[in-house]
Amino acid sequence: MNDPAPAILLVDDDIDACRNVSDILKDLGYQVDIAHEGQSALELASRRPYDVAVLDFKMPGMDGVTLYRHLRARHPGVVALLLTAYASEDTATAARSAGTWKVLRKPVDIPALLGLIDEAVGQPLVLVVDDDLDLCENLWDLLRSRDIRVCTAHDSAQAVERLREARYQAVLIDMKLPGSDGCSVFRTVRTVDPRARTVLITGFRPETEPLIEVALAEGADAVCYKPFDSPALIDLLERLVGPTPSQSR
């Protein structure tokens, strides 16, 4: 079965600019949805996840940074490109704090924008399954700094939902989850997305060792113990998922 075409969300109150970029992206094989203000964009995002969101900074009702915070809360794996004719240090700081990947000045250089969209959709996508929200946020920041896209799930039911939404290159699985354990999530990954590499994570080594041994025997790729050695974790993931587009240039 072929993977679905990457999905792009364009949000800008400039109708002609959206139509122009959308036509080009569709010709290149992308799925494209358009919204002209934040609430309509959120309604679109409630129906499906997007790989990349191209967001105008200044729009009626909701600015692009605020919109991205809402989009990221729903689908953490979306990569944001912010467009602005009002570039300032305050705008750049707000964009960085929200997790925006790139800020582009208007009028937009269309070939440069297309190149960045192509690079963004080529970034490896990793799912982190852990009920520790602070840890998930820290891993999101850490992995995004290496141009690795990150989605998160906080229990086994949400993990199943995430696995059905996208194709992941790697899944990090906490071995102690609310109402479940990492072994059951690992087996779900193997069933739903058998190409995904799997890394078991735990802060309860003696308690979870029997489950870890079972999962490793069934094909899990590695195990990492909390608190993480961040450079070692990054090195492991980059070996499992391969170089990102920016690293391979």
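Guide: Two terms are needed at the outset. Two strands pair if DSSP finds at least two bridges between them. Helices (H or I, at least four residues) and strands (E, at least two) are DSSP runs, numbered from the N terminus. The model is a predicted one, in which local features need pLDDT of at least 70 and side-chain atom pairs count only at pLDDT 80 or more, while totals for chains, interfaces and linings use all residues. Residues are numbered from 1 along each chain as its sequence is written, and side-chain values use heavy atoms, with hydrogens and water left out.

The open sheet consists of five strands in the order 2-1-3-4-5, and the pairing is parallel. Strand 2 (31-35) and strand 5 (102-105) are at the edges; each has a single partner strand, so one side of each is left without a neighbour in the sheet. On average, neighbouring strands of this sheet are turned by 20° against each other, direction ignored. Such angles are taken between axes, which are lines fitted to C-alpha atoms, for helices over the stretch in contact; angles run from 0 to 180 degrees between N-to-C directions.

Within the sheet, five bridges link strand 3 (residues 52-56) with strand 4 (residues 79-84) in the parallel sense.

Two packed helices are described by the angle between their axes and the distance between the axes. Helix 2 (residues 38-45) packs with helix 3 at an angle of about 10°, and their axes are 10 Å apart. Helix 2 is therefore roughly parallel to helix 3; angles under 35 degrees count as roughly parallel, over 145 as roughly antiparallel, 65 to 115 as roughly perpendicular and the rest as oblique. On the side of helix 2, the contact is made by Gly38, Ala41, Leu42 and Ala45. Helix 3 contributes Leu67, His70, Leu71 and Arg74.

Another residue found in helix 3 is Arg69. Arg69 is partly exposed, with a relative accessible area of 42%; buried means under 20% relative accessible area, exposed over 50%, and partly exposed in between (1.4 Å probe, protein chains only). Leaving aside residues up to four places away in sequence, Arg69 touches Ala94, Ser97 and Ala98. With Ser97, the side chain of Arg69 makes a polar contact of 3.1 Å. A polar contact is a pair of N or O atoms within 3.5 Å; within protein, one must be able to donate a hydrogen and the other to accept it, and residues adjacent in sequence count only if both atoms are side-chain atoms. The C-alpha atom of Arg69 is separated by 15 Å from that of Leu83, 14 residues apart along the chain.

Technical notes: Contact means heavy atoms within 4.5 Å.
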